[in-house]
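Q: I am new to this structure and would like to learn how to read it. Could we take it one feature at a time?

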Amino acid sequence: MIAPPHHTLVVGGGTAGSVLAARLSAAPGRKVTVLEAGPDDSTYDESVLAPARAAAAWTANVMHSVPMVGSAGPIEGLQARVLGGTSARNGMATLRGLPADYDGWEQRGLSGWGWADVLDTFIAAETDRDFGPSGLHGDAGPLPVRRWREDELAPAARSFRDAVVAFGDRFADDINDPAQLPGIGIFPVTIDEHDRRVSTSSAYLTDDVRARPSLDIRTDAEVDHLLLDGATVVGVALRSGAHVMADEVVLSAGALWTPWLLLRSGIGPAAHLRDHGVAVAADLPVGSTLADHLGPGLLYTHPGPRGSSAGPAQVVLCGASNGTDVDYHAFPVMPPGSDDTATTFLMSVFLLRSSGAGSVRLGDDPAAPTVVAPPLPADGVERLRHGFDRVRAWERSHACARIGAEAVMPLDLAAPDAVEQALERLTVSYGHMVGTCPMGSVVDTDGRVIGVDGLRVADASVMPTIPSGNTYLGTVMVAERIARKMVERQA
């Protein structure tokens with residue numbers, strides 16, 4: 001007798017979920033159902049596909065904002081509800097972080113997650129159109145990658161780059177090459193040969209993949225909670241009231257919504273669950289270690305149009321407050337467009353090493369989590385000050401004067417408390433929330449939830465610490481590696 005296929009439910013068809021769906025549905029003997037709360041990627045419009053309009057996508061109707069409450073007041077935590085998820089709405093920056101980030105994971109006892117292990121996965125995921133195959137880059141992966149061209153850069157981006165290089169900082173041809181950092185370089189991004197955004201759904205869920213009888217993609221299917229039989233997950237309940245049963249459930253709903261679903265289902269800190277009247281299925285520190293890249297955004301304007309066909313983030317200073325170890329990003333963030341008379345933009349400085357002391361919890365709103373933004377580490381202000389000094393030097397440079405840039409909300413960047421003032425008034429999120437279901441305490445190195453059968457997590461939630469760079473590509477890497485482990489275990 002032929003055994004029925006192993007049925008896997010993937011909850012969330014976003015950055016990680018699209019990768020999981022493609023990889024798992026290719027395995028013999030497996031049926032995969034994707035449950036995505038938002039619409040299909042056929043709904044992508046110019047605000048998604050045109051790089052210059054990427055910032056407009058941050059306010060699109062598929063973006064779900066969860067306020068992160070912190071000392072500086074609510075900070076928007078944005079995640080997209082659409083197939084492709086936040087990879088359809090982010091700045092497309094495909095940075096990996098640094099070798100020390102992943103070697104730190106391995107030093108925590110997470111075997112198989114060191115830099116030597118994950119680098120091959122990063123390489124296999126990309127087709128680098130600038131550098132081609134090498135010890136750092138690939139030419140056969142689903143994600144097309146290139147750097148913004150000189151003619152695509154906005155005046156503010158050129159101005160900041162030219163000033164920083166004039167200060168003596170290194171220009172890095174490839175900011176995914178750790179040997180070239182610290183330095184300033186051009187963001188690598190996932191766009192195709194037609195200069196259009198490529199999300200993970202468009203890269204991984206091709207027409208051929210969608211045609212597989214082993215794959216069922218259901219959009220507008222919002223999951224309310226998990227269904228458990230004792231300590232075993234047997235399916236999910238949708239907001240519609242319908243139940244979908246499965247042999248295994250993989251949560252890939254993102255670093256805010258994945259822990260929230262676990263908490264609603266009785267998997268989390270026992271005392272917190274009891275306080276909210278939720279029966280405890282597994283006592284785990286779910287949602288207790290939220291990390292993000294936070295920092296202030298300083299508002300400037302210059303005469304004339306934006307003058308760019310590139311995305312909102314074009315050049316980036318990968319800075320090191322101690323001169324060697326990259327620990328902040330500083331860069332101008334461009335708006336989706338401007339009139340012919342003036343352009344307003346942000347000069348942002350983000351601290352890359354978060355305390356990981358934020359949280360996701362159940363709250364008064366039964367339809368959304370309560371999120372507390374992670375505070376800065378104890379030395380965070382001093383490390384940000386180094387980035388502020390670079391912005392201040394740019395503000396006084398010939399390159400800044402050349403474009404006529406002026407501060408809209410003047411702040412004396414030389415003041416002793418300039419960083420504290422900016423954090424109090426102007427803190428924003430880089431949109432890099434991770435770490436709410438970390439490997440080692442909530443899941444094992446294969447993504448399996450500890451003490452619960454039939455359940456895994458495979459998204460940014462499982463990162464035990466936040467990488468020193470944009471987390472989009474790291475999330476792809478996590479999904480690729482956990483999918484591979486699942487297929488190998490099944491074989």
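Q: Where does helix α4 lie, and at what angle does it run to β5?
A: The model is a predicted one. In it, α4 (residues 115–125) lies across β5 and β6, and its direction makes about 65° with β5.

Q: How do strands come to form a sheet, and what is the order of strands in the sheet that holds β5 and β6?
A: Strands of a sheet pair through backbone hydrogen bonds, in a parallel or an antiparallel sense. Here the sheet is open, has three strands in the order β5-β6-β9, and its pairing is mixed. Its edge strands are β5 (126–128) and β9 (188–189), each of which pairs on one side only.

Q: In what sense do β5 and β6 pair, parallel or antiparallel?
A: The pairing of β5 with β6 (residues 143–147) is parallel, over three bridges.

Q: Which helix do the axes show α4 crossing, and at what angle?
A: That helix is α13 (residues 472–490): the two axes come within 9 Å and cross at roughly 105°. An angle from 65 to 115 degrees counts as roughly perpendicular, so α4 is roughly perpendicular to α13.

Q: Which residues of α4 meet α13?
A: On the α4 side they are Asp117, Val118, Thr121, Phe122 and Ala125. They meet Leu473, Gly474, Val476, Met477, Glu480, Arg481 and Arg484 in α13. By class, this contact has six nonpolar, two polar and four charged residues.

Q: How do α10 and α12 pack, and at what angle?
A: Helix α10 (residues 380–395) packs against helix α12 (residues 418–426) at an angle of about 95°, with the axes 9 Å apart. That makes α10 roughly perpendicular to α12. From α10, Val381, Leu384, Arg385 and Phe388 take part, and they meet Ala418, Val419, Glu420, Ala422 and Leu423 in α12. The residues of this contact divide into seven nonpolar, no polar and two charged.

Q: What is the order of the sheet with five strands, and how do they pair?
A: This open sheet runs β10-β2-β1-β14-β25, with parallel pairing. Its edge strands are β10 (215–218) and β25 (455–457), each pairing on one side only. From one strand to the next, the twist averages 20°. Six bridges join β1 (residues 6–11) to β2 (residues 30–35), and His6 has Arg30 in β2 as its bridge partner. Helix α1 (residues 15–25) packs on the sheet, touching β1, β2, β10 and β14 (248–251). The direction of α1 makes about 160° with that of β2.

Q: What should I look for in the backbone at Leu181 and at Met92?
A: The peptide bond from Leu181 to Pro182 is cis, with omega near 5°. Pro182 sits in the loop between β7 (171–172) and β8 (183–186). Met92 has a positive phi of about 70° although it is not a glycine, and it lies in the loop between β4 (75–80) and α3 (99–107).

Notes:
Residues numbered from 1 in each chain as written. Predicted model: local features only at pLDDT ≥ 70, side-chain atom pairs only at ≥ 80, totals over all residues. Heavy atoms only, no water. Axes fitted to C-alpha atoms, helices over the stretch in contact; angles between N-to-C directions. Helix = DSSP H or I, 4+ residues; strand = E, 2+ residues; numbered from the N terminus. Parallel < 35°, antiparallel > 145°, perpendicular 65-115°, else oblique. Contact = heavy atoms within 4.5 Å. Nonpolar A, V, L, I, M, F, W, Y, C, P; charged D, E, K, R; others polar. Pairing = 2+ DSSP bridges.
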